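Work through the exercises below with the model open. Try each task before reading its solution.

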Amino acid sequence: MSPFYKLLIVVLIAGVVVIAYDLFQAKIEKGEGDPRIRFDPATGRFTFWKPEVRVRIVYASMFGPGEPVMRVRDDWIYMFEEDYSDVLAGKLGREVTGEERTRFVRETLKQAAEVRGDLSERLKAIESISDASKKTQQTEELLVWLEGRHVFLTPLEPMAGPEQKLRALRDLITGLDKLARDADPARLVRVAPRLVSVERRWQGRWVLSANRPRFLTGREVPDIMTGSKMELLALVQDHYAVPLNVPLAGEELSPLDAPDTYGDPGRTWREAFLPKMLKEGKYDFLDDPTVRGKIYLAPLTCSTTILFYNEVLLARAGIDSPPRTWPEFIAVCEKLKAAGITPLTADADVYSDYWQSWLIFRVMGPETWERTISGVPPEKPPAERGSDPPWTDPRYRRVHAEIRRLRDSGYFDKDFPGSTWPAAQRGFAKGSAAMMICGSWLVQELSGYKGLATAEGFRLKCFSFPQWPGGRQRDQTAAWAVPYGLMVCRQGKATAGAIELVKYLSAKDWPDMVHKNAQISCMVDADFSPDLAGIKQDFMNASAVYSRTPDIYARRFGSQVLSPRYRAFFLQEKGAGDYVSVEQFLKNMDEQNRRYLSDGGEEGYE
Amino acid sequence: MMVGKPKRLGGWWGPPAIFLAPAAVLFGVLFAAPAVSSLYVSLCKWTGFTPQMEFRGVRNFVKLSGDLRFWAAIKNNLWIMSVGGIIFFFFALLFAAALNSKFLRGRKFFQTMIFFPAFISVVGVATFWKLIYDPKSGLINLSLRAAGSEGLQWLDSAHAINSVIIMMVWAGVGGTMILLLAGMRRIPKDYYEAAEIDGASAPQQFFHVTMPMMREVILIALSLWMIGSMKVFGYIQALLAPTINDRNQVISTLQYQYAFSNRECIFMMGRATAMAVVQVCVVLVLVGIIRLFREKKSVEY
Amino acid sequence: MSALAQIQVLAASAMPLAGLGVLAYCLISIGILWAHARTRLYPLYLLKIFWVGFTLVGFAWIISMSFGDPGPKHGGVTSEFLQNPAGPFAALGNYSLFATQLYASTPWWLFMLFGLLLLWRGLVGHSLSARDSSARRRFVRIFLAASVAVICAALLLLDRGQQRLHLRYTGAAFFVAACAAWALLPLRWKRRYGAPALLMLAAAAAVPVIVSFARFDWSSYTYVVGNYKFAWKTARMGNYMLNSLLVSVLTVAVTTLCASMAAYGLTRFEFLGRGAVLLAFVGAMVIPAQLYIVPLFLMVQNWHVAAAGLEFSFMDSRLGLGLIYAAGGLPFAIFLLTGFYRTLPGSLREAAAIDGCGEWRIFTDVYFPLAAPGLATAAIFQFLGVWNEYQFALVFLTNDSLKTLPVGLYNLSVSQQYAANWSALFAGVTILCLPTFLIFVILQERIVAGLTVGAVKQ
């Protein structure tokens with residue numbers, strides 16, 4: 001036979017294999033027909049179920065399996081699937097008969113017997129290990145293995161030590177034995193049809209772009225998307241998002257006005273959020289009447305930009321408490337420099353925008369900046385607006401002169417222009433510099449470097465951005481926070497279920513997780529993270545919270561014109577023009593802003 | 001140049017059609033059709049999230065011509081093509097000449113090791129070099145510091161493009177070297193002997209015998225390099241991620257930022273596609289220029 | 001330490017040493033060849049050697065880092081990479097100080113002894129071969145003598161008191177080592193290779209490096225099994241490798257099939273528009289992926305069938321991805337194969353036609369087998385391209401269990417920012433590169449042959 005035909009056969013076989021594998025992938029992966037066992041270590045109760053999925057919620061998230069921060073805990077998802085299945089079973093009239101129950105339990109126990117055998121062997125092996133870290137690792141692997149065999153231990157504290165987990169596993173074995181010996185095991189076990197499944201898709205930072213074809217085509221659209229206010233703006237603009245303060249079709253109450261079923265049923269869901277954060281879920285700045293007044297984003301956490309410092313280094317320079325005002329801050333930098341400690345560090349121009357936005361915030365107030373960039377009056381179309389105050393206003397000059405001074409006084413690490421993220425924060429953790437400006441997520445990122453403490457030591461503290469003497473009082477105490485949360489998508493197939501899941505997560509999972517990972521929660525019940533104690537007062541007592549930066553209300557202008565030019569200015573580079581001087585920078589920005597407005601603002605940008 | 005007479009068919013399409021059919025169908029449906037329809041996209045305003053596109057005529061191209069970042073990106077591409085090309089061909093020719101010489105030990109070993117980086121994934125190469133370029137603890141700066149100097153800022157905004165060139169040269173020189181080596185090996189020995197009799201030294205032999213006979217091959221290699229340097233994306237994106245300074249953008253990364261970036265969330269698909277169209281046109285022009293240099297008659301061996 | 005751990009420590013320490021060893025060998029051989037009159041291109045040697053040495057050192061680093069401690073979250077103690085990103089190469093950080101201290105203990109009389117030895121050898125000229133001209137011999141002798149004298153003088157002059165003592169000893173040590181080797185090299189070698197100073201300079205420079213590697217604390221480099229297991233199972237690289245394999249095999253098979261037929265059709269027949277078709281195929285190499293990736297989505301959105309409870313959609317499947325890769329790989333494959341087909345003689349066709357074969361049979365029985373080398377090359381290139389491709393895979397495959405290897409690695413590197421298991425990232429890079437390396441080593445000749453034959457004759 002000619003080799004050509006041989007190749008043809010190879011092609012056909014390969015094609016068939018791949019198609020078949022694709023088709024059955026889901027079935028193979030999940031072992032869809034197999035029963036599941038859940039064991040609650042606290043109560044010792046078993047739940048058996050078999051998936052008969054009627055409602056499939058697709059949850060597209062930035063944070064996935066390898067990441068502890070803001071990853072939705074698997075066990076919360078299982079419990080939600082269970083709870084919501086019960087609700088649905090009630091609605092759909094799907095109850096489990098006694099006959100069905102007994103038979104199912106018996107079959108499941110047969111399967112469980114196999115697992116139990118392997119499990120006790122492995123458990124013995126682990127218990128004989130003396131090395132603590134190895135034990136932790138092996139315990140984790142064992143739990144993962146169990147999940148692969150469809151046995152879930154939930155809820156389990158993620159931060160629980162290996163001893164607790166091992167005890168839970170031993171209890172599991174005891175429980176299975178008891179069931180096996182019992183005459184009528186079905187009465188000890190809860191059997192429920194699992195009608196809900198939550199498909200978690202982890203797509204990393206590119207969750208929006210990776211799902212774009214789904215939005216385009218309308219197929220397999222995720223029901224829930226995670227993201228920050230800026231990232232999810234695109235969804236709101238294209239009317240893909242479901243507002244949470246509008247009743248769904250066929251319902252009387254909007255989701256926010258419905259009771260907070262999973263948190264405190266006596267209050268509405270709206271009351272579970274901090275009011276000043278909930279209103280940041282609106283996108284009113286868009287020139288779109290249909291969007292006004294609707295809350296699209298359920299803000300579950302937020303991040304703010306603060307100044308972090310290494311207490312040890314500051315103490316070494318003789319500084320006891322962090323500065324409160326800008327002149328004090330400059331004085332602190334001088335003192336550190338005199339003591340031979342590098343005051344500030346950064347990764348080239350990453351995060352450098354914060355100096356500008358915070359200073360403008362403090363000196364003039366955030367609305368001033370919006371009035372400059374988007375122009376006034378807002379009712380008129382952009383072409384007829386003007387910047388008020390313009391970029392050439394003396395206050396902007398003051399702000400940028402201060403930034404220039406900061407840069408020129410040699411406060412920054414001399415290597416900083418060439419370092420790429422995350423070198424600077426790594427260096428900060430090693431004690432190479434005293435302070436750095438960053439978002440509050442830095443705490444969690446630095447926790448990975450805990451082993452880096454040098455001989456001098458490293459103690460992370462933070463303080464809010466210094467106040468500007470002579471600025472408006474309200475601006476000195478207001479806070480700036482970027483909300484991050486969940487958005488429900490209109491084209492998803494399980495909108496009602498998705499909203500339930502969002503409610504569930506807001507009550508159960510995120511406050512806890514967020515606190516433990518040093519994020520700032522937007523929920524009323526959550527504690528403020530102790531790592532961020534330095535800003536707690538200022539944040540909780542803030543007179544107002546703003547989330548509007550140019551990258552939200554003037555996204556294209558901000559990222560295409562403002563940010564690049566500012567960064568060139570900050571790094572003292574000749575960008576498109578010579579930005580070494582403040583005057584030239586402001587003049588150029590003024591010109592660009594005029595052009596931006598006369599071209600039609602954001603919409604006219606393309 | 002062909003060997004053997006091809007069969008003349010006149011107007012009958014039969015056999016060629018059969019032979020070309022599967023490739024043409026696959027190519028046409030999954031490659032050509034989208035590529036051509038993207039020409040339409042480049043004339044529209046589109047966020048990429050809804051199927052609706054707004055036709056705008058040549059406005060995207062007009063805006064591009066006024067976009068300073070685009071011009072900076074083209075400049076970077078041309079810089080890579082020219083300066084990078086010179087360095088690239090310098091090394092490729094050098095190595096090919098070295099591997100062609102008589103006195104060499106471990107020829108196969110060198111060939112393998114120089115050729116190998118061409119086949120590693122772009123992500124792998126970029127991760128590798130990112131770690132090496134690290135200013136505080138990367139290999140290069142470590143060795144420089146060991147030798148006493150301060151160490152350079154390899155990835156800061158002024159020097160990143162040059163660092164990228166070094167990386168691309170390292171990764172790509174193997175393939176071109178093999179190509180050139182093949183061309184060199186085809187040159188009959190008598191030419192060299194004649195040159196030696198005439199008293200030419202090694203460099204002279206190289207320039208007067210080797211190079212002219214390798215013209216075709218060099219031109220092919222040149223066009224492949226030009227195409228590659230205009231299209232380059234993965235190397236820069238993976239090396240300089242997550243945020244690429246404006247001075248270090250090339251056309252493909254800028255286009256990616258406009259169209260897909262989750263950080264900047266600009267989502268201007270129309271303008272991004274227009275950029276890609278301009279990129280393709282530039283490459284076609286350059287390749288066309290190269291073709292002009294090809295001799296009509298091929299060199300007889 | 002357990003036996004496994006000990007082996008791991010050895011392997012981890014051997015890796016960078018091996019890399020540096022090759023580098024050192026190369027440096028030494030430059031030195032050797034530099035002075036050899038018969039080698040014409042020694043500057044090229046120098047270059048090549050640094051190049052290759054760098055590659056090896058780099059990979060040695062990656063592999064040895066994949067042995068490192070992954071950090072407390074993954075069963076380790078402290079993350080090795082975060083502590084010390086350069087790994088064993090950090091030992092080079094204070095090289096000059098270290099080398100100075102190492103050599104500072106060389107006693108002065110050793111220096112004198114070997115200096116005299118060199119002087120004697122150099123002046124007598126046993127080193128030079130009979131074939132070298134007498135002028136050259138004289139030159140070498142004088143050069144050696146002069147250099148000995150100059151170095152001695154310089155060192156003595158520069159040595160002003162106790163503070164400068166180390167300077168003398170360092171320079172002395174280098175020179176001593178050079179002389180010793182020179183004196184001790186067998187005559188036969190000296191005839192073929194010259195330049196003792198360079199030779200031993202390289203060796204003397206390498207000695208502190210080797211010692212610093214030996215003194216490095218390798219005890220935390222015992223996590224290779226854990227790291228690769230993490231990368232394979234938890235980060236699912238094993239799964240991704242299977243996916244990559246499936247997609248690659250499918251793509252390669254389809255591309256080879258279609259391209260072989262198309263290239264044959266384009267070279268064997270003359271028909272209207274042939275040039276245009278060829279130009280269309282080859283010109284498509286110019287088009288970047290991002291130009292057509294989104295229109296492609298729009299187009300394949302409706303391609304899904306549902307039957308008997310199974311749903312198959314073109315977009316989120318490996319079959320779809322494979323066919324898309326095949327379409328993208330056709331231009332290059334056809335480019336390669338048309339060149340190749342043109343080298344095949346046309347006389348076979350006449351012979352086969354006389355035997356009574358139709359067009360199709362001529363192709364399958366005569367030309368296709370002949371084209372096997374070219375096809376193999378095209379297949380290899382296509383395989384390597386698909387194996388490494390990550391842009392399309394990143395966007396087309398959203399289901400985590402369908403992802404391919406480069407996407408997996410990319411996800412791993414992104415997630416490392418949070419989970420900080422750098423050692424697993426290095427393990428992942430190694431896993432990605434290893435198959436291509438193996439294929440490359442085994443099939444290198446084929447690749448080279450295919451490239452050269454196809455591309456040159458255009």
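## Salt bridges and the chain contact

Over all chains, the structure holds 33 salt bridges. The model is a predicted one.

**Exercise 1.** Find what joins A:D177 to A:R116, and state how far apart N and O lie.

Solution. 
- Step 1: The two side chains form a salt bridge, at 2.4 Å from N to O.
- Step 2: A:D177 sits in helix α5 (residues 162-181) of chain A, and A:R116 in helix α3 (residues 98-127) of chain A. They are 61 residues apart, so the pair links distant parts of the chain.

**Exercise 2.** Describe the salt bridge between A:D388 and A:R371.

Solution. 
- Step 1: The N to O distance is 2.8 Å.
- Step 2: A:D388 lies in the loop between α12 (366-374) and α13 (394-408) of chain A, while A:R371 belongs to helix α12. The separation is 17 residues.
- Step 3: A:D388 is partly exposed, with a relative accessible area of 36%. A:R371 is also partly exposed, at 36%.

**Exercise 3.** Name the residues of chain A that a network of salt bridges links with A:R38.

Solution. 
- The network holds A:R38, A:D40, A:E81, A:E82, A:D86, A:R190 and A:R194.

**Exercise 4.** Determine how many salt bridges cross the interface of chain A and chain B, and decide whether B:K63 is buried or exposed.

Solution. 
- Step 1: The rule finds one salt bridge across this interface.
- Step 2: B:K63 pairs with A:D599, with the closest N and O atoms 3.5 Å apart.
- Step 3: B:K63 lies in helix α2 (residues 59-65) of chain B and A:D599 in the segment after α22 (582-598) of chain A, so the pair joins two chains.
- Step 4: B:K63 has a relative accessible area of 18%, so it is buried. A:D599, at 38%, is partly exposed.

**Exercise 5.** Describe the contact between chain A and chain B.

Solution. 
- Step 1: Chain A gives 38 residues and chain B gives 44 residues.
- Step 2: About 3,700 Å² is buried between the chains, and carbon and sulfur atoms give 47% of that.
- Step 3: In chain A, the residues losing the most area to chain B are A:R212, A:Q560 and A:E606, together 22% of what that side buries.
- Step 4: Five residue pairs are in polar contact between the chains. The chain A side draws two or more residues from each of α6 (207-217), α7 (233-237) and α21 (555-570).
- Step 5: That side divides into 15 nonpolar, seven polar and 16 charged residues.

Key: Residues numbered from 1 in each chain as written. Chains lettered and ligands numbered in written order. Predicted model: local features only at pLDDT ≥ 70, side-chain atom pairs only at ≥ 80, totals over all residues. Heavy atoms only, no water. Contact = heavy atoms within 4.5 Å. Buried area = accessible area lost by both parts, 1.4 Å probe. Salt bridge = Lys/Arg side-chain N within 4 Å of Asp/Glu carboxyl O. Polar contact = N/O pair within 3.5 Å; in protein donor to acceptor, adjacent residues only side chain to side chain. Helix = DSSP H or I, 4+ residues; strand = E, 2+ residues; numbered from the N terminus. Nonpolar A, V, L, I, M, F, W, Y, C, P; charged D, E, K, R; others polar. Buried < 20%, exposed > 50% of the residue type's maximum accessible area, 1.4 Å probe, protein only.
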